[in-house]
Amino acid sequence: MDEKIILVSEDGEEFPCYMLEETRVAGCNYVLVTDSEEEDGECYIFKDVSGEADTEAVYEIVEDEREQQYLARIFNELLDDVDIR
């Protein structure tokens with residue numbers, strides 16, 4: 001498992017997760033994270049929506065189903081041993 005990171009929601013709630021992979025598509029950065037070190041963890045795809053003035057990275061979960069499916073295929077190719085559904 002890659003590095004553990006802590007994502008923090010707008011209301012201050014912490015979401016500990018593990019970075020699996022990152023990629024850049026059409027000028028946007030995306031990260032694939034999981035909520036568990038175990039194989040049965042949930043995977044999430046986040047899009048970097050940081051502005052130039054932001055001092056820390058700002059990520060939003062990818063909610064659009066078509067965008068999720070497209071990115072899942074890309075991450076599946078990048079990570080041969082992981083099946084993202």
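**Ground rules.** I worked on a predicted model in which local features need pLDDT of at least 70 and side-chain atom pairs count only at pLDDT 80 or more, while totals for chains, interfaces and linings use all residues. Residues are numbered from 1 along each chain as its sequence is written, and side-chain values use heavy atoms, with hydrogens and water left out.

**Strands.** I took helices (H or I, at least four residues) and strands (E, at least two) as DSSP runs numbered from the N terminus, and I called two strands paired if DSSP finds at least two bridges between them. For burial I used relative accessible area with a 1.4 Å probe on protein chains only: under 20% is buried, over 50% is exposed, and in between is partly exposed.

I began with S1, residues 4–8, where Ile 5 and Leu 7 make up the covered face, whereas Lys 4, Ile 6 and Val 8 lie on the uncovered one. S1 pairs with S2 (residues 14–25) through five bridges in the antiparallel sense, and I found Ile 5 opposite Cys 17 of S2. Five residues separate the two strands of this hairpin, and Gly 12 has a positive phi near 90 degrees.

S2 then runs antiparallel to S3, joined by seven bridges, with Glu 22 opposite Val 31 of S3. The hairpin of S2 and S3 has two residues between the strands, and Ala 26 in the turn takes a positive phi of about 50 degrees. I noted that S3 is mostly covered, five of its seven residues being buried. S3 is in turn joined to S4 by five bridges, again in an antiparallel run, and Tyr 30 stands opposite Lys 47 of S4.

**Helix H1.** H1 spans residues 65–78, and its 14 residues reach 20 Å from first C-alpha to last, close to the 20 Å expected at 1.5 Å a residue; the expected span is 1.5 Å times one less than the number of residues. I listed Leu 71, Ala 72, Ile 74 and Phe 75 as its buried residues. They lie on the same side of H1, because they cover an arc of only 165 degrees around the axis, the arc being that of the directions from the helix axis to the C-beta atoms. These buried residues pack against S2, S3 (28–34) and S4 (43–48), where contact means heavy atoms within 4.5 Å. On the face turned away from the buried side I found the exposed residues Glu 65, Arg 66, Arg 73 and Glu 77.

**Charged pairs.** Side chains of opposite charge can pair when their charged atoms come close. With a salt bridge defined as a side-chain nitrogen of Lys or Arg within 4 Å of a carboxyl oxygen of Asp or Glu, I counted one. It joins Glu 67 to Lys 47, whose closest N and O atoms are 3.9 Å apart, and it links distant parts of the chain, from H1 to S4, over 20 residues. Both ends are partly exposed, Glu 67 at 23% relative accessible area and Lys 47 at 25%.

**Cysteines.** My search of the whole structure for disulfides, meaning pairs of cysteine sulfur atoms within 2.5 Å, found zero. For Cys 17, the nearest cysteine sulfur is that of Cys 43, 11 Å away, and Cys 17 itself is buried at 0% relative accessible area. For Cys 28, the nearest is that of Cys 17, 19 Å away, and Cys 28 is partly exposed at 22%.
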